[in-house]
Amino acid sequence: MKKNFKPIYFIIALFFLIPTGCTYNNSSSTDLLVNNQQITTTINPETTRSDCDTLVITCIDYRFAIANQEFINETLGLKDNYDHISIPGSISNLVNPETRELLFSKFALSVKLHLINRVVVISHKDCGAYGGSVSFGSEIAENETLCADLRTARTLLIEKYPTLEVNLFLESLVKEGDQVRVNFEKIP
Ligand SMILES: [Zn+2]
């Protein structure tokens with residue numbers, strides 16, 4: 001009798017040891033959807049309209065993600081009224097002639113389909129796409145380069161879409177004791 005039980009134990013053990021299908025996750029992170037529940041959230045009925053006012057362009061950097069959302073939604077008052085393109089280096093990709101047309105092709109949908117009339121560009125200091133703050137040699141040099149790139153991006157955007165209003169912002173991490181804040185500066 002004992003001989004007959006062993007394969008069954010083995011199969012049962014395998015069942016628990018080898019995760020299958022949708023339950024398989026090779027990440028050590030916690031599951032984002034607990035027990036694979038379907039999550040539903042309500043949205044502002046206004047967002048079912050076919051257009052919006054603004055396209056926002058930011059870097060992907062996770063350190064600024066929450067501050068960016070708060071700044072865009074609350075400070076700029078654009079909640080439920082903007083498209084958002086997040087790309088490493090923000091508009092450095094627009095300044096770079098090699099990636100310019102690719103980025104313009106992505107903007108086109110926002111301009112033609114959602115009929116935006118304004119672009120908000122947010123760049124940030126210590127951006128990995130530029131090699132971080134250290135690559136500039138000084139804070140002044142970093143500031144000058146990032147501001148120059150922002151203004152070049154605005155010129156390129158307005159050349160392509162003359163009716164667009166373009167607003168520029170430069171953000172940075174500011175340490176205050178144990179706290180780190182994100183500071184936004186409007187670039188004229
Ligand atoms: Zn960045």
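1. In this predicted model, strand 1, helix 2 (residues 65-75) and strand 2 together form a β-α-β unit, and its handedness is right-handed. The two strands of the unit run parallel and are joined by five bridges, with strand 2 covering residues 82-86. Within this pairing, L55 has D83 of strand 2 as its bridge partner.

2. Strand 1 also pairs with strand 3 (residues 118-124), again in parallel, through four bridges. Here I57 stands opposite V121 of strand 3.

3. How many residues of strand 1 are buried? Five of the five, residues 54-58, are buried, so the strand is largely enclosed by the rest of the structure. A residue counts as buried here when 20 or more other C-beta atoms lie within 10 Å of its own.

4. The burial of strand 1 involves both of its faces. In a regular strand, side chains alternate between the two faces of the sheet. On one side of strand 1 lie T54, V56 and T58, and on the other L55 and I57; these residues are all buried, and both faces are covered. For the protein as a whole, 22% of the 188 residues count as buried.

5. As to the overall arrangement, the protein contains five helices and five strands. Along the sequence they follow the pattern α-β-α-β-α-α-β-α-β-β. Among contacts between residues at least 6 apart in sequence, 70% join residues at least 24 apart.

Terms used. Residues numbered from 1 in each chain as written. Predicted model: local features only at pLDDT ≥ 70, side-chain atom pairs only at ≥ 80, totals over all residues. Buried ≥ 20, exposed ≤ 12 C-beta atoms within 10 Å, placed from the backbone. Contact = placed C-beta atoms within 7 Å. Pairing = 2+ DSSP bridges. Right-handed = clockwise from strand over helix to strand, strands pointing away.
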